[in-house]
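Q: Can you walk me through this structure? I'd like to start with a loop, then look at a helix, the cores and a sheet.

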Amino acid sequence: MTRLCAPYTSRGRGMRLILWRVVSSTVFKLIPSPAYTIRRAVLVAFGAQLDSTSRIRGGVRISEPWNLRMGRKSSIGEGATIWSHAPLTIGSRTVISQYCFVQCAAREVDQEYPKPIEIGDDVWIAAESVIVGGTKVPNGVLVGARSVVRDAIESWTIATGHPAKTRRERPYQGPKS
Amino acid sequence: MSPNPAPSPHSVKNRIMRVVWGCVQATLFRFSPRPFHAWRNLLLRMFGADLHPSARVYPRATIWAPWNLSMGARATIADDVDCYCVERITLGERVVISQYSYLCGATHDFELRNRPLIPMPITIGAGTWIAADVFVAPGVTIGEESVVGARSSVFTDLPSWKVCVGSPAKPIRDRQMKDAEMSEQSA
């Protein structure tokens, strides 16, 4: 996985990247899982745009926090891997569950390119799913556990499988109260 | 404002015990030398696990709540397995859970606004081998003497004596033993 992102992470990003690599492999790892505020503060110091109600749990690996944006009450579960080589936007009330793999890159003939990912509001990406670079996950989508999201999905539907396909509607449960 | 999430279904005792267990797991359990299976077995049993004395749990495995874990004789949980036992997880005798597998014991009701937690038990029958990096969904029962191939995702119950692979995992053939049945003593 590290090798995959080598061509463009090591180039031209300078001191900030080196500093983040040092911090993320040492101090950042040692922050206890429920200490959301401390973890958020570290990420914000490295340029992440995180709402003060967003939660990132322990064991989450983020390659470039300055590309990460999270809305209100969104959360990233334990052990998720966020390869944010390109901008990653996460909406409000969205949950990325434990061990998910969000890779803001795509491979084309021996070369990897950074590709942004947009995840909407009220999305639930269930455990161990993969989101491939360049995809947009619209509002209200539920991605089943272990799915691979590669293609376009319609909003307020349930998608599962490899590649993730729409299985049925998800009843609208947007903000009411 | 979005609807508030459902209140935690876990009792105060459960939460305190998980903090205590978390501390034990991060220290005495995690940093125990690999051959010290009896030591880790003892730690788990002190926290209420129902383990046969010969059950093995490797040091880097994560057990969410030992009091919900049952393991038969010579059942094994390998390194980096995450055993999310919100409900009871039962492993029969000689069951092997290989590395990086995830036994996921709870989901959420996504058709209720506050998405309450739904814990569901997982049962794996005697002699079954769950290969590396398999995902086992909540509420799944896997039969006896089956094999689930690496990287499979198990969302439905699986029968006994089958080789199952894929996402979702499906039986592809019978498991037939090429050698003669051994007696219990020499097995």
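A: One term to begin with: strands here are DSSP runs of at least two residues, numbered from the N terminus. Also, this is a predicted model.

Q: Okay. Between which strands is B:Leu158 found?
A: B:Leu158 lies in the loop between strand E17 (153-154) and strand E18 (162-165) of chain B.

Q: Is B:Leu158 buried or exposed?
A: Buried. The cut-off is under 20% relative accessible area. B:Leu158 has 7%.

Q: What is B:Leu158 in contact with, leaving aside neighbours within four places in sequence?
A: Its contacts include B:Thr141, B:Ile142, B:Val148, B:Cys164 and B:Pro171.

Q: And how many residues apart in sequence are B:Leu158 and B:Ile124?
A: They are 34 residues apart in sequence. In space, C-alpha to C-alpha, the two are 9.4 Å apart.

Q: Switching to chain A. Which residues of helix H4 (residues 36-45) are buried?
A: A:Tyr36, A:Arg39, A:Arg40 and A:Leu43.

Q: Why are they on the same side of H4(A)?
A: They cover an arc of only 100 degrees around the axis, which puts them on the same side. An α-helix has 3.6 residues a turn, so residues three or four places apart point the same way.

Q: What covers that buried side?
A: The cover includes helix H2 (14-25), helix H3 (27-30) and strand E1 (49-50) of chain A, along with strands E2 (55-56) and E3 (61-62).

Q: Which exposed residues are on the face turned away?
A: A:Thr37 and A:Ala45.

Q: Now the cores. How many residues has the largest nonpolar core?
A: It has 54 residues. Among those with the most contacts inside it are B:Ile63, B:Met71, B:Ile97 and B:Ile124. Helix H1 (12-29) and helix H2 (37-46) of chain B are among the elements that give two or more residues to this core.

Q: What does B:Ile97 touch, not counting residues up to four places away in sequence?
A: Its contacts include B:Ile77, B:Val81, B:Leu91, B:Leu103 and B:Ile124.

Q: What does the second, separate core include?
A: That core has 38 residues, including A:Trp20, A:Ile62, A:Ile119 and A:Ile125.

Q: Last topic. How many strands form the open sheet in chain A?
A: Seven, in the order E2-E5-E8-E13-E16-E18-E19, with mixed pairing.

Q: Which strands stand at the edges?
A: E2 and strand E19 (165-169) of chain A. Each has a single partner strand, so one side of each is left without a neighbour in the sheet.

Q: In which sense do E5 and E8 of chain A pair?
A: Parallel, over two bridges. A:Ser75 has A:Val95 as its bridge partner in E8(A).

Conventions
Residues are numbered from 1 along each chain as its sequence is written. Chains are lettered from A and ligands numbered from 1 in the order in which they are written. This is a predicted model: local features need pLDDT of at least 70, side-chain atom pairs count only at pLDDT 80 or more; totals for chains, interfaces and linings use all residues. Side-chain values use heavy atoms; hydrogens and water are left out. Buried means under 20% relative accessible area, exposed over 50%, partly exposed in between (1.4 Å probe, protein chains only). Helices (H or I, at least four residues) and strands (E, at least two) are DSSP runs, numbered from the N terminus. The arc is that of the directions from the helix axis to the C-beta atoms. Contact means heavy atoms within 4.5 Å. A nonpolar core is a set of buried Ala, Val, Leu, Ile, Met, Phe, Trp, Tyr and Cys residues joined through side-chain atoms within 4.5 Å. Two strands pair if DSSP finds at least two bridges between them.
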